[in-house]
Amino acid sequence: MNPLKKITIVGGGTAGWIAAAVLCNQFSAEELSVELVESADIGTIGVGESTIPPFLELLHSLNIDEKDFIEKTQASFKLGIQFSDWKQLNETYFHPFGSISANMDEYVFYQNWLKSCAEGDDFALQDFSACSVMAKHKKFFLPQSASKTPVSEASYALHLDAGLAARYLRDYAEQRGVKRTEGKIVDVVQTDNGDIRSVRLQSGEEIAGDFFIDCSGFRGLLIEQTLKAGYEDWSHYLPCDRAVVVQTENTAPPPPYTRATAQAAGWSWKIPLQHRTGNGYVYASQYCSDEEATQTLLQQLEGNPITEPRIIPFQTGMRKEIWKNNCLSLGLASGFIEPLESTAIHLIARGMVHFMRHFPEKDCQPALSREFNRRMATDYREIRDFIVLHYCLTEREDTPFWRWCKTMQWPESLQYTLDYFKTQGGLPEEIDRLFAPVSWRSVCEGMGLRPGSYSPLINSFNYATTRSHLTNYRQALEDFIRQLPDHEVFIEKHCRAQKPIAA
Ligand SMILES: Cc1cc2nc3c(=O)[nH]c(=O)nc-3n(C[C@H](O)[C@H](O)[C@H](O)COP(=O)(O)OP(=O)(O)OC[C@H]3O[C@@H](n4cnc5c(N)ncnc54)[C@H](O)[C@@H]3O)c2cc1C
């Protein structure tokens, strides 16, 4: 055995500090020394503020107290995403977390629900989702505290302040022995076989490592600029390539969901935190100038801006090799898919989970990185297809951007999934999928794609009994949720953050 003795992390954004936190939680400082280099001159991107439920698993795996984290990052709860104007203008649908089962097996429920549609009954799919109904009434309750109630089927994530979250993880890692070095890297030194030996700072200091984690953001300082891993470009499926972002004051209590509203050449988000709201417009520069995008965003703000609008260019895709030689890339350095389903922070955590499963020795056995790269590419492609799904089923024809989306070429893997889904509502079963069938069903239904038929096996159930069960369950869910606390009241009672200190 020739174990790694030192890992150097390049970058102190969300990716860098998640990597540091995971490593110092796994290894003592004697077993593995971890050093993180970041540059205040370059700064972080600071906009990843909407998460999905696995983010809480990351916090729990680090033994981080959820309430403490919420209070220190001004977080609010998220039950899903409200999509407006995607299928048609003035139409809204909700993509909830959690499951939708009405006390049945989830697949059997969905098949029964399809039959109810065929029978002409008017049960809306989301009337059976605890998260959707809570979101509709702006209610919140912890599902784990509501076992044996319909709300136990719910799940949740957080909206968080990206700067405060990175700070929280930094404190966590530094307290556990991670060394932080401030400085700008100006050179990368390689060994004869192309591995990275060290990074050189502007000050002249050289920082070595047995292994490097590149969290340097879009620039990919090690993985691309040095190791030339290559990039798989997906802009032919997802043409948005810029975002303009601005923060505003809150004008109302934060709703327990992210809002994603389709715009003329992309979509805009509103992410409500306890102390402010994050806003952004993701757009395709082929169809919209920076000035137009900024104007659109500013006109639609609900509160006074507290930051200047900032433009962020990006290229959708992923590194051909996310792990190459003795360098793993994480976060924006490894790739980027627009934040429509808030998956980037998840991919960072996921990257670390896979990395720990394939943890190398000093010679970085290539079989480990090959399998890691295959696994990460599967995750990236799954997310890409799911994001394309939000665009390609549109019925909008009111702008050149939406006309393009309506007639776009779909990835083959997505075509396969939807052909199968359209037949009887089935979805391909894969191990370890991020987006469960409930997500596909919700977005397809929201975008107007309902399977043409249901499984014939469902006909062996007595439909009158099913109808009565669905009617009663829907009413019970609605009644139960109406008496839950408002989201704002729940926060006030359990996890109110301190007032932010004025800058
Ligand atoms: C418009 C937009 C919206 C997003 N919204 C979401 C969302 O809602 N949910 C979500 O999960 N994700 C979202 N993301 C993604 C999320 O912001 C990132 O995944 C996350 O912030 C991680 O960024 P990072 O740490 O990889 O890079 P960065 O934050 O860019 O950090 C890079 C680090 O590298 C350091 N660095 C770079 N070069 C050098 C050098 N030469 N020397 C020393 N240090 C250097 C910098 O100082 C910095 O510390 C969004 C991204 C964008 C672009």
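The buried residues of helix 12 pack against strand 4 (80–84), strand 5 (92–96), helix 4 (106–118), helix 9 and helix 11. Here, helices are DSSP runs of H or I with at least four residues and strands are E runs of at least two, numbered from the N terminus. This is a predicted model, in which local features need pLDDT of at least 70 and side-chain atom pairs pLDDT 80 or more, while totals for chains, interfaces and linings use all residues. Residues are numbered from 1 along each chain as its sequence is written.

Helix 12 (residues 437–446) is mostly covered, with 8 of its 10 residues buried; buried means that 20 or more other C-beta atoms, placed from the backbone, lie within 10 Å of the residue's own. Among them are Trp440, Arg441 and Cys444. Gly448 follows helix 12 with a positive phi, near 85 degrees.

Now to two of those packing partners. The axes of helix 9 (residues 366–392) and helix 11 (residues 412–424) come within 9 Å and cross at roughly 65 degrees, the axes being lines fitted to C-alpha atoms over the stretch in contact, with angles from 0 to 180 degrees between N-to-C directions. The two helices are therefore roughly perpendicular to each other, a label for angles of 65 to 115 degrees. Contact residues, whose C-beta atoms placed from the backbone lie within 7 Å, are tabulated here.

| Helix | Residues in the contact |
|---|---|
| Helix 9 | Arg381, Asp385, Val388, Leu389 |
| Helix 11 | Ser413, Leu414, Thr417 |

How values were computed: Parallel < 35°, antiparallel > 145°, perpendicular 65-115°, else oblique. Contact = placed C-beta atoms within 7 Å. Buried ≥ 20, exposed ≤ 12 C-beta atoms within 10 Å, placed from the backbone.
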